[in-house]
Amino acid sequence: MSKDFSRFLKPGRVHRQIYTDPAIFELEMTNIFGGAWVFIGHESQIKKPGDYFATQMGRRPILMVRDEEGRVRVIHNQCAHRGAMVVATDKGNAPEFTCCYHGWTYHLDGRIKGVPLNHGYPADFDAKNPKVAMNPVKRVKSYRGFVFATEAADGPDLEESLGYMTTSFDDLLDRAPDGEIEVAGGVFKHGYDANWKVYFENLCDAAHPLFVHRSSIEASQAQSDDAHSDGTGEIAVRQMRQNGAPYSFWESQVGIWTYPNGHSYLGDYHDDSKLVAALKDPVFREYIAALEKKKGKEETKRILEVRRWNSNVYPNVSLMSQFQQLRVVHPISVNRTVVYTYNFKLKGAPEQMFRNTVAFANIVNGTGSLVLTDDLEIYNRIDMGLSSDGAEWLQIGRGYQSDQPEAHGGRKGVNSTSEVYIRNMLDAWVGYMNGGHGQGGALAKAAS
Amino acid sequence: MAKKRTPRPKIAAPSRRRVTPLRGRAPRAEQALDIHRCEQFVQHEARLLDEAKFDDWLALFTLDGWYWVPSEPDQANPHDTVSLMYDDRRLLETRIRRLASPRMYSQEPRSRTSRMVGNVTIEDSEGRAATIRSKFIMIEYRRDQQRLFTGTAWHRLVQIDGGIRIAWKRVDLVNCDAALDGLTQPF
Ligand code: FES
Ligand SMILES: [Fe+2]
């Protein structure tokens with residue numbers, strides 16, 4: 001395969017092959033899911049020493065674990081002996097890890113603790129050799145409790161790589177009156193038969209809701225408000241109705257911001273003061289009072305004025321701070337993807353706030369929801385379509401001429417329907433695929 | 001060829017009419033909810049769902065009824081943990097109305113389903129009301145793919161105006177916590 005991956009991009013266009021070629025997928029697993037800072041989990045998922053959370057980094061099974069000293073470790077969930085996966089449960093607590101095949105045991109940080117039948121090995125086999133271990137992922141770093149890891153031995157630090165996107169994590173934390181958040185409420189796992197990139201390329205796509213989600217928009221708009229409700233889904237119903245805002249709304253009031261390394265967010269979309277009806281909703285009023293008590297009126301006003309819808313942190317996590325949700329993308333194969341969706345509790349907020357978060361997830365982001373199901377269908381159809389060479393070069397050019405530079409080194413669409421954030425991700429894609437970091441892809445070249 | 005569509009399809013509102021009577025003679029309200037009537041009821045419900053008579057299915061629920069498909073085995077409640085589906089009456093009406101929409105892309109083409117319901121037991125009963133437990137197998141076919149769902153259903157049945165209605169229904173899928181593709185069909 002020729003080395004320069006920028007050949008798959010042209011101004012405003014991308015070649016379909018990057019979504020369908022298994023060889024490209026293999027390289028993505030090494031260069032992107034091995035080379036970039038990949039989101040692993042949140043520290044609140046492993047509170048006590050011995051707590052572990054089993055997940056994937058690309059296709060690698062890995063463990064996020066809290067060791068005896070309380071440090072967060074990210075290690076490969078793989079035995080150094082014959083390579084068996086060691087931990088087979090999603091989460092739990094363990095004093096050590098034992099492989100079920102021949103009983104090799106490991107400390108919580110992955111170092112060997114004991115090897116039964118430790119004789120007869122070649123002279124150079126030394127169970128004390130740190131290389132014989134459940135190998136740690138090369139670098140692990142957390143940003144305010146959000147744990148990332150990378151297999152790249154060197155390259156930018158996590159914060160450098162996140163750049164201005166740290167503010168989206170700040171936004172989520174700022175919204176907690178006590179300044180702390182906690183993963184809670186279970187997880188949605190949903191799958192679709194298409195490439196992982198199409199999921200990310202949809203999250204900030206402001207041009208699709210009005211069209212794709214028409215059935216839920218119309219059903220929610222036609223729904224009478226006086227049918228019995230236990231309060232569940234009030235916000236979600238409003239959200240479905242909001243998806244029906246005319247294109248003029250997306251063109252004039254919502255914005256799209258992008259940053260180096262493929263990150264982006266859709267902003268100014270969901271206005272708490274209008275959509276959550278801050279003044280009429282007693283729960284929201286109670287929440288604002290709790291925020292004001294801890295942070296003061298000025299700061300509360302500032303916090304609530306940050307209106308970010310989806311924040312995409314390339315390559316695998318998307319954050320929705322206004323509804324305390326987080327989606328993690330797990331590529332399975334070139335045309336199979338599984339996405340995990342988590343919710344956060346804002347500490348110090350009324351209990352009902354979290355129940356609203358759960359209800360929102362059920363109706364909008366859930367596997368059996370009224371909204372996400374149509375998105376999943378679109379991803380499947382993209383894959384069915386991309387197997388055809390009828391259209392080799394796909395169009396991602398909307399806004400190409402009108403995008404503007406942004407203060408923190410990124411680019412901003414002149415309005416939210418600009419495809420600038422897809423171009424920005426693909427720029428990072430080229431950077432990683434060419435063996436570098438997220439910058440220096442096609443866009444950077446075009447700009448220089 | 002796709003059919004020509006009107007730009008803004010009108011979605012019929014789910015009716016609030018009374019529960020569709022069971023085939024044959026409607027049972028009298030004062031009759032006990034015996035196993036035979038409970039079995040007849042869940043078979044009837046399964047038939048409505050398989051025939052995509054969602055409007056009639058909705059009409060089986062009481063006006064404050066709810067429908068729940070947990071995302072975890074033994075999930076304690078639908079408020080503190082996410083659910084594959086959890087609809088109060090208002091959301092259930094919205095869900096059913098959406099199912100009637102020609103613009104529901106995840107139902108283009110429509111799913112076909114086939115259900116077996118059995119092992120019905122009455123878990124507790126106060127004569128005019130009962131909680132029943134049943135087992136189901138549901139096969140969903142859509143676009144050359146067949147998916148198999150199975151699990152346990154719990155119904156709280158009450159007798160109102162000579163008919164049986166669902167006060168709540170909980171469906172525990174055996175694979176509720178698996179990675180699932182999108183779910184559009186009520187169980
Ligand atoms: S493979 Fe793990 S102990 Fe042998
Ligand atoms: Fe969508």
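In β5(B), His155(B) is the bridge partner of Ile132(B). This is a predicted model, in which local features need pLDDT of at least 70, side-chain atom pairs count only at pLDDT 80 or more, and totals for chains, interfaces and linings use all residues; side-chain values use heavy atoms, without hydrogens and water. Residues are numbered from 1 along each chain as its sequence is written, while chains are lettered from A and ligands numbered from 1 in the order in which they are written.

Strand β5 of chain B covers residues 145–160 and pairs with β4(B) in the antiparallel sense over 14 bridges. Two strands count as paired if DSSP finds at least two bridges between them. Helices (H or I, at least four residues) and strands (E, at least two) are DSSP runs, numbered from the N terminus. Two residues separate β4(B) and β5(B), which form a hairpin. In that turn, Arg143(B) has a positive phi of about 45°.

Strand β4 (residues 129–142) of chain B also pairs with β3(B), again antiparallel, over eleven bridges. Lys135(B) in β4(B) is the bridge partner of Gly118(B). β3(B) and β4(B) form a hairpin too, with three residues between them. Here the turn holds Gly127(B), with a positive phi of about 80°.

## Local backbone and cover in chain B

Most residues other than glycine have a negative phi, and most peptide bonds are trans. Asn119(B) has a positive phi, near 50°. Its place is in strand β3 of chain B. Asn119(B) is exposed, with a relative accessible area of 59%. Buried means under 20% relative accessible area, exposed over 50%, and partly exposed in between (1.4 Å probe, protein chains only).

The peptide bond from Glu108(B) to Pro109(B) is cis, with omega near 5°. Pro109(B) sits in the loop between α3 (89–99) and β3 (112–125) of chain B. Helix α3(B) is mostly covered: eleven of its eleven residues are buried. Among them are Arg89(B), Arg90(B), Glu93(B), Arg95(B), Arg97(B) and Arg98(B). Leu91(B), Leu92(B), Ile96(B) and Leu99(B) are also buried there, as is Thr94(B).

## Chain A overall

Chain A has 14 helices and 22 strands. Its C-alpha trace spans about 75 × 55 × 40 Å along the principal axes. A compact globule of 448 residues would have a radius of gyration near 22 Å; chain A has 23 Å, which agrees. That radius is taken over C-alpha atoms, and the globule rule is 2.2 Å times the number of residues to the power 0.38.

Of the 448 residues in chain A, 59% are buried. Among contacts between residues at least 6 apart in sequence, 64% join residues at least 24 apart. Contact means heavy atoms within 4.5 Å. The accessible surface of chain A comes to about 17600 Å², and 51% of it belongs to carbon and sulfur atoms. Accessible areas come from the Shrake-Rupley method with a 1.4 Å probe; for residues, only the protein chains shown count as cover.

Chain A carries 50 positive and 54 negative charges, and their mean positions are 2 Å apart. Lys and Arg count as positive and Asp and Glu as negative; His and the chain ends are not counted. Each charge is placed at NZ of Lys, CZ of Arg, CG of Asp or CD of Glu.

## A three-stranded sheet in chain A

An open sheet of three strands in chain A has the order β1-β2-β20, with antiparallel pairing. Its edge strands are β1 (9–10) and β20 (393–395) of chain A, each pairing on one side only. Strand β2 (residues 13–15) of chain A pairs with β20(A) over three bridges. Trp393(A) in β20(A) is the bridge partner of His15(A).

## Loops of chain A

Tyr314(A) and Pro315(A) are joined by a cis peptide bond, with omega near 5°. Pro315(A) lies in the loop between β16 (308–313) and β17 (317–320) of chain A. Arg144(A) has a positive phi, near 50°. This residue is in the loop between β11 (139–143) and β12 (146–150) of chain A. Arg144(A) is partly exposed, with a relative accessible area of 42%.

Lys48(A) is in the loop between β3 (38–42) and β4 (51–57) of chain A. Leaving aside neighbours within four places in sequence, Lys48(A) is in contact with Arg66(A) and Asn93(A). Lys48(A) and Glu69(A) are 21 residues apart along the chain, and their C-alpha atoms are separated by 9.8 Å.
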